[in-house]
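Subject: Structure handover

Hello,

Here is the structure I promised to pass on. Please open it beside this email as you read.

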Amino acid sequence: MFIRRAKTRTTEDGTEYFSYRLVRNERQGDKVRQRTLLNLGSNFPVQKRHWRLLCARITQLIGRQETLLPLPWPDEVEAEAQRIAARLVSRSPPVAGAGTGSKMETVDVASLEMVRPRSAGVEHVGLWAMEQLGIGDLLAGLGFNRRSRAVAMGSIIGRMAVPGSERATWRWLCERSALGELLDVDFETMSRMRLYRASDALLARRREIETHVFERVTDLFSLGHTVTLVDLTNTFFEGAADKQPKARRGHSKEKRSDCPLLTLGLVLDGSGFVQRSDVFPGNVKESSTLEGMLARLSAPRDALVVMDAGVATEDNVAWLRDNGYRYLVVSRERVRHFDPDLATAIKTRTRGKVHIQAVTDEAASELRLFCCSEARAEKELGITERFMTRFEDALQKLHDGLSRPRTRKQVAYVWQRIGRIRQKSHGAGQHYSIDVVTDPENAEKAVGLIWTRTPRSGTMLTHPGVYCLRTNLDWDAETLWRTYSMLTDVESVFRSLKSELGLRPVYHWKQKRSDGHLFISVLAYQLVQVIRSRLRAHGETASWRTLRDTLSGQIRVTACFRRADGRIIHIRKATRAEPRQREIYRALGLDPEPGKKRRMVA
């Protein structure tokens, strides 16, 4: 075999350029013809003086002739030889299925080598989800060529499989993943800049992509357009981010207020699929940006807006009402009200029940739902009891100290200490009446403390598990509560984006690159949601992290044997699916063997 350089020209404007091919002479009858084994592209990195050495090394790797030429090889030769040899094996003719044309071979078992392991399970499932949403056809329609489509799909699936930066995704595609084989592209010949350009191209068509994806999931899962859940989350930059106009200091939900922040806003439907997304400055406040957020996120006017207490200020609720929006929000009032005698019980999907009391507020033209969750009550009682125990321990420590010598016992100072203990009690101090006992002979000297529990009505202690919902709908109480319960799924969306899909941190210096990074995470989430929605229909409720860990154990690997005639057989195939992997593939209707079985004799 040898390398041939050929002059060719583009079809667009006729510009001439050189391309490189790996070819081999083959005799056909009385003639010798050249057969192209592999197209090496126009950016072939090996210098011409190393071409013969490269071909010899490829022959060694395929034929296992390790003593043919001395080592070490030049780095550029070794890296390119390894890539080309693996590419030749992966592009060899597929092997027919079991029972069709089976062939027995005599091989030397001691010569077995297993080479080039590459993960395939997550990639297999990710491509299935892309096919369900028609991502490939959509990108082709938007002007992405074949290589650009492959890179864009690799970026999204890479975010599903190994969440991280674009640089980390590029290394994964080149060194650890079999996605290139499944797409029939060679990511190792592409520069890292292609991933950044793919991010730019995806971001430029964000609206068309989001609209297409949501329409497809609506058809796939028969979704209705009745519920819109609006929420914000933020991520942080690594570095100063001084060239990022949206990087701002603010309240970080990950406790990283030491870093510049970037905010992601989402509009979701009741099933957790994203309708619209947008990126806001890091210091944006949920309670003060509702109007602009709904406008930028194109929230439909006929939708039901569901929000948590952080967004549901009185001004925002009044604005929703005045502008014709339907809403279901968590009340911000701090005093809890609930009458169990007027409540009805509703069974939840988990353990316990929720008791709901519906009260009409004629003045505000609203319906208020006072809800009491048994599971939440148990949790809140545990939290309250823990803080009250800490509060009493602190009072006891102060009391005991007053009986020791050389302790400050001034009454004013003791009350100051009590105030500090109340301040750190997380609200537990409001449930206590405290008196300072003074010395009968010196009224300015404290000798002890006396305290009693006096639970304050309308608090977590007297009304554990109680919260209030406000709405301008006239639905029945159970339907309203079950609609509100979708809001808890929004929190799981953000947890998935942050912890499972690499939303944080952001390393980019340019605004469009950071926006593109967040958008790729959103697209990866859409694919994950398609997969999990289909699996939930079959009783599989595991998190994406668990599913990803299960699927990542399946790999594609090349087995090399020496035959009795001295020739080398290369068989490349996926490992047999484990029982849990088979269950996932069966639920999705997928072949449990990602990719085709390939066979080459050298």
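Below are the findings, grouped by topic.

**Ground rules**

This is a predicted model, in which local features need pLDDT of at least 70, side-chain atom pairs count only at pLDDT 80 or more, and totals for chains, interfaces and linings use all residues. Residues are numbered from 1 along each chain as its sequence is written, and side-chain values use heavy atoms, with hydrogens and water left out.

**Cysteines**

There are zero disulfides in the structure. A disulfide here is a pair of cysteine sulfur atoms within 2.5 Å. Take Cys55: the closest cysteine sulfur, in Cys560, is 20 Å from its own, so a bond is ruled out by distance. Cys55 is also buried, at a relative accessible area of 5%. Cys259 is buried too, at 7%. Buried means under 20% relative accessible area, exposed over 50%, and partly exposed in between (1.4 Å probe, protein chains only).

**Strands**

Helices (H or I, at least four residues) and strands (E, at least two) are DSSP runs, numbered from the N terminus. Two strands pair if DSSP finds at least two bridges between them.

Start with β15 (residues 466–471). Six of its six residues are buried. In a regular strand the side chains alternate between the two faces of the sheet. Both faces of β15 are covered: Val466, Cys468 and Arg470 lie on one side, and Tyr467, Leu469 and Thr471 on the other.

Which strands pair with β15? One is β9 (residues 326–330), antiparallel to β15 over three bridges. There, Val330 stands opposite Leu469. Another is β12 (residues 366–373), also antiparallel, joined to β15 by six bridges. There, Arg368 stands opposite Arg470.

Next, β13 (residues 432–439) and β14 (residues 442–453). They run antiparallel and are joined by eight bridges. Two residues sit between them, and the pair forms a hairpin. Val436 in β13 stands opposite Leu449 in β14.

**Two residues to look at**

His124 sits in helix α3 (residues 121–133). Is His124 buried or exposed? It is buried, with a relative accessible area of 13%. Not counting residues up to four places away in sequence, His124 touches Leu182, Tyr585, Leu590, Asp591 and Pro594. Contact means heavy atoms within 4.5 Å.

Val601 belongs to strand β18 (residues 598–601). It is partly exposed, at 24% relative accessible area. With neighbours within four places in sequence set aside, Val601 is in contact with Arg563, Arg567, Ile568 and Ile569. Phe561 is 40 residues away from Val601 along the chain, and their C-alpha atoms are 9.6 Å apart.

**Cavities**

On a 1 Å grid over the protein atoms alone, a cavity is a set of points where a 1.4 Å probe fits but cannot get out; a pocket is an open set with protein on both sides within 12 Å along at least five of seven lines; lining residues have an atom within 4 Å of a point. Points are joined across faces, edges and corners, and a volume is the space filled by probe spheres set on the points. Ala, Val, Leu, Ile, Met, Phe, Trp, Tyr, Cys and Pro count as nonpolar; Asp, Glu, Lys and Arg as charged; the others, Gly among them, as polar.

The structure has two cavities of 30 Å³ or more.

Helices α4 (135–141), α9 (206–221) and α16 (511–536) each supply at least two lining residues. The lining divides into ten nonpolar, one polar and no charged.

Of its 34 lining residues, Leu40, Gly41, Ser42, Arg147 and Thr189 are the closest to the centre. β3 (31–41) is among the elements that supply at least two residues, and its six residues are the largest share. The lining has eleven nonpolar, ten polar and 13 charged residues.

Best wishes
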